[in-house]
Amino acid sequence: PAWSPDGTKIAFASDRARALNHGDIFVVNSDGSGLVQLTNDENDDREPAWSPDGRFIAYSTEPVLDPYARITVAALWTLEIATGKPTKIYAGDAVQPAWSPDGTRIAFWANTGGQRDIWTIAATGGPTLAVTSDAPTDWSPEWSPDGRWLHFESDRGGSMNVWRVPIDQRSGRVQGDPQP
């Protein structure tokens, strides 16, 4: 589940309206009332993340439980809450989206030929920028509240731990090496 920025709603993925293992994105008020189904398509919509202004939800089309056991390519979508309009912003592999605090970029991780790295993309789509591009497994990105760091889980130190990399949230350009 993901809390809306103002704390009044919760977005979540559920297969309640579909066959098992095929999810859709729902939003409910924080008191449990007002359940609304936002997606209803052929995708397995998962991993919702609110934009900082609360106008959009980014989501992927594959649930992630284990970074070593991913089996499909998952597209990255955004959905405008007011209109219900979904937009595919990246057709390549992208899971666990995380919005930058200023709302200009979305971080995600991808499995590219068995290599699991962190990437960013403009919130409106376009070219992706690699944040990591090396042998360790990197996943589960999360921006710092000030947008100066992108944190992620990685086994680059020998076991899974939290790492961070300095980054410009507007451009997505990395500004230094990963740090434990």
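Q: In this predicted model, which residues does Trp143 touch, not counting residues up to four places away in sequence?
A: Residues up to four places away in sequence are left out. What remains is a list that runs from Ala98 to Gln169. Trp143 touches Ala98, Trp99, Ser100, Pro101, Arg105, Ala107, Thr120, Trp149, Leu150, Ile167 and Gln169.

Q: Which residues have the most contacts inside the largest nonpolar core?
A: That core has 15 residues. The residues with the most contacts inside the core are Trp109, Ile118, Val131, Trp143 and Leu150.

Q: Is Ser144 buried or exposed?
A: Ser144 sits in the loop between strand 13 (138–143) and strand 14 (149–154). Its relative accessibility is 8%. The cut-off for buried is under 20%, so Ser144 counts as buried.

Q: With which side chain does the side chain of Ser144 make a polar contact?
A: Leaving aside neighbours within four places in sequence, Ser144 is in contact with Pro101, Trp149 and His151. The polar contact between side chains is at 2.7 Å. The partner of Ser144 is Asp146.

Q: Which are the edge strands of the open sheet of four strands?
A: The order is 9-10-11-12, with antiparallel pairing. An edge strand here pairs on one side only. The edge strands are strand 9 and strand 12.

Q: Which residue in strand 11 stands opposite Trp109?
A: Strand 10 and strand 11 run antiparallel, joined by eight bridges. Opposite Trp109 stands Ile118.

How values were computed
Residues are numbered from 1 along each chain as its sequence is written. This is a predicted model: local features need pLDDT of at least 70, side-chain atom pairs count only at pLDDT 80 or more; totals for chains, interfaces and linings use all residues. Side-chain values use heavy atoms; hydrogens and water are left out. Helices (H or I, at least four residues) and strands (E, at least two) are DSSP runs, numbered from the N terminus. Buried means under 20% relative accessible area, exposed over 50%, partly exposed in between (1.4 Å probe, protein chains only). A polar contact is a pair of N or O atoms within 3.5 Å; within protein, one must be able to donate a hydrogen and the other to accept it, and residues adjacent in sequence count only if both atoms are side-chain atoms. Contact means heavy atoms within 4.5 Å. A nonpolar core is a set of buried Ala, Val, Leu, Ile, Met, Phe, Trp, Tyr and Cys residues joined through side-chain atoms within 4.5 Å. Two strands pair if DSSP finds at least two bridges between them.
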